[in-house]
Amino acid sequence: MKVNKVNIDLSRIVFLKDKNLKGFRITLINDIRALEKVFSLLGKSNMPVHYILVSKANAEKYSALVYLSSEHSENFDEIDKRFKESYGVISVEKIEPLVKGVLANTLNGHLSWGKDKVILIKRDIVENMISDLMEKYGSIFLTILYHMGFSLGLNTYERNVETLKKLNVGNEALLKYALAIFKMTGNGNAEIVGFDERNKVVSMKIVDSFEYDAFRNVIREGPYLHFTRGMWAGWFTGFFSEEMIAKEVKCEEINGSSMCHIIIHKAPKKVIIE
């Protein structure tokens with residue numbers, strides 16, 4: 001069965017020229033019926049919803065971020081009143097537009113992944129950074145990028161093991177978890193296509209790679225995946241308890257999506273000359 005790709009917009013900003021916009025941050029009790037009531041109010045209001053994001057920051061509260069538009073400002077006051085009167089609503093805070101037609105979430109604090117702070121960086125910014133660093137440092141930058149990925153991958157493996165330890169699961173679950181985190185963090189959709197545990201050789205396919213998209217307009221030919229290769233080499237170094245390296249076999253574009261193949265295998269033994 002073919003699964004359609006659905007992208008998640010984390011920008012929390014909308015641009016709608018000449019539109020009257022208003023945002024609401026709604027904090028609710030830990031009861032799904034409270035969310036149901038809020039969604040019901042939105043449906044009955046007939047006001048266009050331009051952005052909505054629901055999260056559960058802890059075990060006790062839900063948080064909903066909603067951006068609406070209306071030709072009449074009194075509609076905003078009315079929906080604000082109805083939100084506050086709704087079952088399970090703890091608080092409602094309004095978000096005013098930056099200028100007419102531009103609304104951004106100016107209320108929330110830092111972004112988080114669990115308890116850790118995170119930042120978002122757009123691909124075009126990364127592309128410009130890569131272009132500047134390639135011009136200044138050339139292939140040295142690519143080597144450093146690989147080793148940065150390796151360090152991250154090895155540390156990620158250790159954190160993955162620590163996270164899943166209490167569940168008492170095996171290596172298959174550990175691999176599935178790592179692939180899921182890789183995709184959820186926007187790196188691309190990675191898949192194990194070959195796994196030789198005895199000889200410690202892993203073949204991977206990565207679809208819609210963020211790094212490939214950032215590099216393809218900067219360098220003329222591959223390898224394109226440097227940080228990503230390093231990341232998986234580091235991760236499998238932890239997995240196999242032996243230093244691994246990762247090589248890019250090829251990257252190609254098929255029907256508007258990128259597809260990169262990498263192989264992870266044991267690093268050559270170092271020769272020490274006395």
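Me: Which residues form a disulfide, and how far apart are their sulfur atoms?
Reply: A disulfide is a covalent bond between the sulfur atoms of two cysteines. The criterion here is a pair of cysteine sulfur atoms within 2.5 Å. C251 and C260 form one, with sulfur atoms 2.0 Å apart. The structure holds one disulfide. This is a predicted model, where local features need pLDDT of at least 70, side-chain atom pairs count only at pLDDT 80 or more, and totals for chains, interfaces and linings use all residues. Residues are numbered from 1 along each chain as its sequence is written, and side-chain values use heavy atoms, leaving out hydrogens and water.

Me: What is the handedness of the disulfide of C251 and C260?
Reply: Read the torsion about the S-S bond. For C251 and C260 it is about 120 degrees, so the disulfide is right-handed.

Me: What is the strand order of the open sheet that has β9 as an edge strand?
Reply: Start with the elements. Strands (E, at least two residues) and helices (H or I, at least four) are DSSP runs, numbered from the N terminus. Two strands pair if DSSP finds at least two bridges between them. The order is β9-β10-β12-β11, with antiparallel pairing. β9 (189-196) and β11 (244-254) are the edge strands, each pairing on one side only. Inside the sheet, β10 (residues 201-207) and β12 (residues 257-266) pair antiparallel over seven bridges. V207 stands opposite M259 in β12.

Me: Which strands does helix α7 touch?
Reply: Contact means heavy atoms within 4.5 Å. α7 (residues 227-240) packs on this sheet and touches β9, β10, β11 and β12.

Me: At what angle do the axes of α4 and α5 cross?
Reply: Axes are lines fitted to C-alpha atoms, for helices over the stretch in contact; angles run from 0 to 180 degrees between N-to-C directions. The axes of α4 (residues 139-165) and α5 (residues 171-184) come within 10 Å and cross at roughly 120 degrees. Now classify: under 35 degrees is roughly parallel, over 145 roughly antiparallel, 65 to 115 roughly perpendicular, and the rest oblique. α4 and α5 are therefore oblique to each other.

Me: Which residues of α4 and α5 meet?
Reply: From α4, Y157, N160, V161, T163 and L164. They meet A173, L174, Y177 and A178 in α5.
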